[in-house]
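Good morning, everyone. I would like to walk through one structure with you today, so please have the sequence and the model open as we go.

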Amino acid sequence: MKNVNELFKTKYPLIQGGMANIATAQLAAAVSNAGGLGLIGAGGYDANWVRDEIRKCQALTDQPFGVNIMLMSPHAAEIAKVVVEEGVKVVTTGAGSPGIYMEAWKKAGIVVVPVVPSVALAIRMERQGADAVVAEGTESGGHIGESTTMSLIPQMADALKIPVIAAGGIADKRGVLAAFALGAKGIQVGTVLLATKECPVHDNYKNKVIKAKDTDTVVTGRGSGAPVRVLKNKMAVEYLNMSLHGVALEELEKLTLGSLRRAVFDGDLDRGSFMAGQISGLVKEIRTVKEVLEYLFDDVNAYKESLEVM
Ligand code: TUI
């Protein structure tokens, strides 16, 4: 099996989450320059934005980076072409199955890494030619599946030949080592990168992550088929109350329309969707991306040796 650093040509076996409206060229380049695999998050944007952002990222780093395509996006098919035209090296996908694009991407030599929340989907992705998968536990922020990282990773590692990259609940060396102990060959992180200098979200977003406790996330949209984990606020609580009282999906959707942008760009504490993972409670300060990657990986083997199991 190919080592994840060889697959991505990175120093650290780390992928940045493809956070929609957040993962710009600025964040992706910072992660790639620090030794991980930065991603431009295409979610929420059209193909022209993605093309421009790829070119910006090429100007900001000589290191490899990728693009995450949110497959529920109406622009997904066009973006799938743009990544080929622009010579993108790695594509990760979320919120769906990238099967129809796989052949074109593989022909272009793109390393394809679907983000999946279940073993069944992962097996399908491997059969279709994926080079690795990100196994995303329900601890993650944003659109999630049901299984926890703890149970998902070993089951996926046993079921697949390609490398499994763990996501959901990782924000320090303990999380990194746990992921590897469970059979992962790499990690993907999002939440811990929200609280970085280079992350282009409103300061209110960063501070909300830093102030969060372990129990401060909730999952909205369970009834809609697209559950989304966010930091608790007025809108999220209202949403949950309304769905508890049987309010129609269309009404609920009106409430959340544009809410991610309200969080990211306006820092609207009451009416924004502050997507973030359960590990927010562990994130206590704003650092540079480089500091975060060093914090996660430097001396990780010495740390492992210091653990006493019995
Ligand atoms: O995609 C994510 N996380 C996301 S996408 C996003 S933007 C958004 N905003 C509002 C509503 C929905 C999306 C915010 N966070 N993570 C990867 C992920 N993929 N999680 C779950 C899945 C997934 C779900 C179903 C992958 C495949 C899948 O397949 C269904 C099928 O059979 O096609």
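What we are looking at is a predicted model, in which local features need pLDDT of at least 70 and side-chain atom pairs count only at pLDDT 80 or more, while totals for chains, interfaces and linings use all residues. Residues are numbered from 1 along each chain as its sequence is written, and side-chain values use heavy atoms, with hydrogens and water left out.

Let me begin with helix 3, residues 47-60; helices here are DSSP runs of H or I with at least four residues, strands are runs of E with at least two, and both are numbered from the N terminus. Which residues of helix 3 are buried? They are Ala 47, Trp 49, Val 50, Glu 53, Ile 54 and Cys 57, where buried means under 20% relative accessible area, exposed means over 50%, and partly exposed is in between, with a 1.4 Å probe and protein chains only. These residues cover an arc of only 150° around the axis, which puts them on the same side of helix 3; the arc is that of the directions from the helix axis to the C-beta atoms. On the other side, Asn 48 and Ala 59 are exposed. The buried residues pack against helix 2, strand 2, strand 3 and helix 4. At the start of helix 3, a side-chain oxygen of Asp 46 comes to within 3.3 Å of the backbone nitrogen of Asn 48.

Next come two helix pairs. The axes of helix 4 and helix 5 come within 10 Å and cross at roughly 10°, the axes being lines fitted to C-alpha atoms over the stretch in contact, with angles from 0 to 180 degrees between N-to-C directions. Helix 4 and helix 5 are therefore roughly parallel, given that angles under 35 degrees count as roughly parallel, over 145 as roughly antiparallel, 65 to 115 as roughly perpendicular and the rest as oblique. The axes of helix 11 and helix 12 also come within 10 Å, but cross at roughly 180°, and that makes helix 11 roughly antiparallel to helix 12. Their contact, meaning heavy atoms within 4.5 Å, involves residues of helix 11 including Met 235 and Tyr 239, and residues of helix 12 including Leu 252 and Leu 255.

Helix 11 and helix 12, together with helix 10, are among what covers the buried residues of helix 13, namely Ser 259, Leu 260, Ala 263 and Val 264.

Finally, the single residues. Lys 173 is in helix 8 and is buried, with a relative accessible area of 16%. Where in the sequence is Tyr 303 relative to Lys 173? The two are 130 residues apart in sequence, yet 7.8 Å apart in space, C-alpha to C-alpha. A polar atom of the Lys 173 side chain also lies 2.5 Å from the backbone oxygen of Tyr 295.

Ser 280, in the loop between helix 13 and helix 14, is buried as well, with a relative accessible area of 1%. Its side chain reaches the backbone oxygen of Gly 277 at 2.8 Å. Leaving aside neighbours within four places in sequence, Ser 280 is in contact with Thr 191, Val 209, Ala 212 and Leu 231.

How values were computed. Expected span 1.5 Å × (residues − 1). Polar contact = N/O pair within 3.5 Å; in protein donor to acceptor, adjacent residues only side chain to side chain.
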